[in-house]
Amino acid sequence: LFFREFLHFEFLEKSGLEKIVQSCRSRGQKKIRIWSAACSRGQEVYSLAMFLSFHLKQIAPDMGYEIFGSDVDSDSVQIAKNGVYRWDEVKEIPSIYMGENWARVSGDIEAFVKAKNSIRSHCSFDTINFFKMSQMAGQKFDLIFCRNVFIYFTPAQIESITRDLLKNLNDDGFMFIGISESFNGMKLPVSTLGPSIYGHERKHLKVVEAPKTTKAPNTATSHVSTPSKQSLTVI
């Protein structure tokens, strides 16, 4: 489905996308990188492409994007590359994202539409097995979507896969999993940032002011209250 679990897109629209833009700019980068790590037939990838094409024009017209979609099933990956879907499926896309991104196919297959280059040019696809991800070594992404696939794995496998995915997530990036999925009870170095939204474990510095001490008065000075140095506590 296109725009499945829409609350994740709402999170990006309200705050997440602006934070990613700021992070990219702080690194001197002009392009947001996204990995749809279980893209199936590509609907998630093209949903993200439509979303970013619309919203980046509003908040950061100088910023580009690229989306990499992968799946273990090569047939699904080929469908994603083709970018052809039934019109009955595509017509449910919110109108603000539909734009001019789809072309109706004529002739015997008029019930289908094809993604235009306006979004396809930002997307690439490949077949990747979660247990053989060496080809992803060294690549970094601002957003990683790995939704509704962990139901097929054991908790131990989920932990192993997630640790590998986190190696590809930028320090300030976001990782999304399915709404019905969670990392509860797993020993993963992540912080919860929203419903099924995670990031690298974040440790914050909290300033804790120590109690003030008072010097005893003497004949040369009046009563003086002198604060001790602040202490920093990591939480």
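Select Q43 to begin: this residue counts as buried at 5% relative accessibility, where buried means under 20% relative accessible area, exposed over 50% and partly exposed in between, with a 1.4 Å probe and protein chains only. The model is predicted, so that local features need pLDDT of at least 70 and side-chain atom pairs count only at pLDDT 80 or more, while totals for chains, interfaces and linings use all residues. Residues are numbered from 1 along each chain as its sequence is written, and side-chain values use heavy atoms, with hydrogens and water left out.

Q43 lies in helix α2 (residues 43–59); helices (H or I, at least four residues) and strands (E, at least two) are DSSP runs numbered from the N terminus. Display the side chains of Q43 and E89, which are joined by a polar contact of 2.8 Å. A polar contact is a pair of N or O atoms within 3.5 Å; within protein, one must be able to donate a hydrogen and the other to accept it, and residues adjacent in sequence count only if both atoms are side-chain atoms. Beyond its neighbours within four places in sequence, Q43 is in contact with L1, F2, Y85 and E89, contact meaning heavy atoms within 4.5 Å.

Axes are lines fitted to C-alpha atoms, for helices over the stretch in contact, and angles run from 0 to 180 degrees between N-to-C directions. To inspect the contact, select F9, L12, E13, L17, E18 and V21 of α1, together with S47, L48, F51, L52, H55, L56 and I59 of α2.

Now turn to the sheet. It is open, has seven strands in the order β6-β2-β1-β7-β8-β10-β9, and shows mixed pairing; two strands pair if DSSP finds at least two bridges between them. The edge strands, β6 (123–127) and β9, each pair on one side only. Neighbouring strands of this sheet are turned by 25 degrees against each other on average, direction ignored.

Select β1 (residues 31–36) and β2 (residues 64–71), which run parallel and are joined by six bridges. Here R33 stands opposite E66 in β2. Helix α3 (residues 74–82) packs on the sheet and touches β2 and β6, its direction making about 165 degrees with that of β6. Helix α7 (residues 155–166) also packs on the sheet, touching β1, β7 (141–146), β8, β9 and β10, and its direction makes about 140 degrees with that of β8.

Remain on β2 and select S70. This residue is buried, with a relative accessible area of 1%. S70 and A37 are 33 residues apart in sequence but 5.2 Å apart in space, C-alpha to C-alpha. Not counting residues up to four places away in sequence, S70 touches W35, S36, A37, A38, C39, D126 and I128.

Finally, move to β10 (residues 197–200), which pairs with β8 (residues 169–177) in the antiparallel sense over two bridges. F176 stands opposite I197 in β10. Strand β9 (residues 190–194) and β10 also pair in the antiparallel sense, over four bridges, and V190 stands opposite H200 in β10. Two residues lie between the strands of the β9 and β10 hairpin, in which S196 takes a positive phi near 60 degrees.
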